[in-house]
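Biologist: I would like to learn how to read the packing around a single helix. Could you take me through it step by step?

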Amino acid sequence: MHPLVVQYRAVVVKEVRQTARDRRVMALITLAPLVQLFMLGFAVNFDVRHVPTVVVDRDKTAESRDYARSQLAGDTLDLKAEVSDELAAEEALERGEASVALIFPRDFQKDLLRGHGAQVQALVDGSDPTRSSVAANAVAQYAVLKAMQLARAQAQAQGETPPRSPVELVPRVLYNPELSTSVYVVPGIAAMLLLIVTTVIMAMGLSRERETGTLEQLQVTPLRPGILMAGKVTPFLLIGLVDVGLALSVGAWVFKVPLRGSLTLVAVATLFYLLSTLGVGLLIATVSRTQQQAFVGGFLFVLPAVLLSGVMSPIRAMPGWLAWLTYLNPVRYYVEVLRGVLLKEAGLPDLWRQVLALAVFGALMMAVASRRFHKTSA
Amino acid sequence: MTPAIEVHHLTRRFGDFTAVDDVSFEVGAGEIFGYLGANGAGKSTTIRMLCGLLKPTGGSARVAGFDVDKEPERVKAGIGYMSQKFSLYLDLSVRANLEFFASAYGAHGRELETRIGEMVERMQLGAVQDEVTGALPGGMQQRIALASAVLHRPRIVFLDEPTAGVDPVQRRSFWELIRDLASRGTTVFVTTHYMDEAENCARIGIMVDGKLVALDTPEGLKRTHAPGRVLEVRGPRLAPALDSLRGMAGVLDVSRFGSGATVRVDPERLPAESLAEWLRARGVDPLEMEDSAPTLDDVFLALTARAQRGED
């Protein structure tokens, strides 16, 4: 056997033995990601439903009650309480008991039946922009619908043919027809968990060797930095692949994330992605003296990498210069690959840029880490 | 035969601080060479340069026939290194450690088995080879560390304070292992600050503030740097008497320890009897006085004292 192969195998075996013996690390790389995926999959939910609403009905007529009932019939707005006046409604919004208030003025029915421009006032708590815009949309949509219905009924009553709307919208949602947040968010969370676990474990593993002096012992052996790095990374590449498999299974069973495209493509992209995250971990370890520093360093990388990846907030919504930064972030590409393959059945022709970016990033990180390691040891 | 280690004007600076200052020496094949010095005297820095862990800022060194600066990888293949930290994987079994370090030097298959088997027997590790290394006592870890450092049968082994923090009984049995290694032809380069251990070395280099201030056999060092007789004295009112003793004709060195002191004298100029008389006259009575041979401690104290006085 070639000495390099012997050395590489020695490092791999040693890493596997150490990892298998360390219960905390084992829990960190197997159980923790699954539990977190499970919890975060439920917790991170952008679906706006059951917005608490108070109603002020100064008209108290059949029409006002009917309007309120129909408006609240869907699951976007829920009736929280009926209150007596605007002041009470505002207080409810202020205290956070309700996010929307619907106010029917006196003469609502009269104006409505006369076709006189009946008014409904809606107060919306704008502190959560996503929630308030969805709620305001629901209110506006219903008002338009009601107006159309009334116009049609009036025309029919007068024996005319009901007017048709000049434009009719027929929306069809592709890939995620139920607009479920989980389907969109779970692949992102999987990428994030993989990033945290692999970066931190690698950074701390190497700096532990520095702390205990075994790194110095390795440096007097003929073991080359490249071989050492490759051997250290290998077991975690395999563990990471298994983690992704587990995450996709949980995603499919619990959150109904579809698995449409090629899993081979996912596996290849995952390997490159892990090479990047593990490489960053090694790089962090080369600039840290202690495990504590490595841990902090790991988080200084992980946090912005997650925030600038499109996992939590869309990249399109970021200002230009910040969006540009995301091109330097492997998490971005990996999330694009995962979402593309899983949801849209995208293949290599659609995603080769992302896969290439991950491969380049991975190779670069490993090379830089090896180089830096060489320098710090000399 | 070419020397195992050749060092010429080796220098290492860290910023303004010169850790190793223009050091030159040679170590012969199969020799046990002791490298002595206080903490921070430059012992570890020298070893780190000789092992290819640290680049010299000046001078050169050849170890196992290769230049440490130009061919560090070839140097590494020919040497073993054991640091005072006993750098082992404490979470792995003894055997796993030995297997790892043997394979790091390229051993595999039957050869790996033979070498580990042989080392386990020589270092008497048979009973503990499946134990977790971290659970074993210090003396045992020390032997495992030595085993890991010489598994690949290096020509030269560097031991950086290998007995730090180990009890005297185990230190003695560890030195038997070192002598055994040397008798098989391995060159041993060992640093220590235990002077009694240094007596085991064929030759000793003494470092003070980055400079190699003396290099000789233990006997030669004592002859040159701690000549005369050493008298251990004890008695009442010793302290004031000692102060006036310094500078007296024939007194070479006075150093206190505990309640007593050691006085090194030139017997030609100051016989022990005259000293005793002189001390009794100053109220040190009853006086206890014991004759002993100079030790490396005396050599070391004399050399460091001289360096502090700024002499050369």
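Modeller: Let us begin with a glycine: Gly106(B), which comes just after helix 3 of chain B, takes a positive phi of about 95°. Helices here are DSSP runs of H or I of at least four residues, numbered from the N terminus. The model is a predicted one, in which local features need pLDDT of at least 70 and side-chain atom pairs count only at pLDDT 80 or more, while totals for chains, interfaces and linings use all residues. Residues are numbered from 1 along each chain as its sequence is written, and chains are lettered from A and ligands numbered from 1 in the order in which they are written.

Biologist: How many residues of helix 3 of chain B are buried?

Modeller: A residue is buried if 20 or more other C-beta atoms, placed from the backbone, lie within 10 Å of its own, exposed if 12 or fewer, and partly exposed in between. By that criterion 10 of the 11 residues of helix 3 of chain B are buried, so this helix is largely enclosed by the rest of the structure. Among the buried ones are Val94(B), Leu98(B), Phe100(B) and Phe101(B). The cover over them includes helix 1 (3–21) of chain A, together with helix 4 and helix 5 (138–150) of chain B.

Biologist: At what angle do helix 3 and helix 4 of chain B pack?

Modeller: Two packed helices are described by the angle between their axes and the distance between the axes. Axes are lines fitted to C-alpha atoms over the stretch in contact, and angles run from 0 to 180 degrees between N-to-C directions. Helix 3 (residues 94–104) and helix 4 (residues 109–122) of chain B pack at an angle of about 130°, with their axes 10 Å apart. That makes helix 3 of chain B oblique to helix 4 of chain B, since angles under 35 degrees count as roughly parallel, over 145 as roughly antiparallel, 65 to 115 as roughly perpendicular and the rest as oblique.

Biologist: Which residues of the two helices meet?

Modeller: Two residues are in contact if their C-beta atoms lie within 7 Å. Leu98(B), Glu99(B), Ala102(B) and Ser103(B) of helix 3 meet Leu112(B), Arg115(B), Ile116(B) and Met119(B) of helix 4 in chain B.

Biologist: How many residues does each chain give to the contact between chains A and B?

Modeller: Chain B contributes 20 residues and chain A contributes 23 residues. On the side of chain B that touches chain A, the largest share, four residues, comes from helix 3 of chain B.
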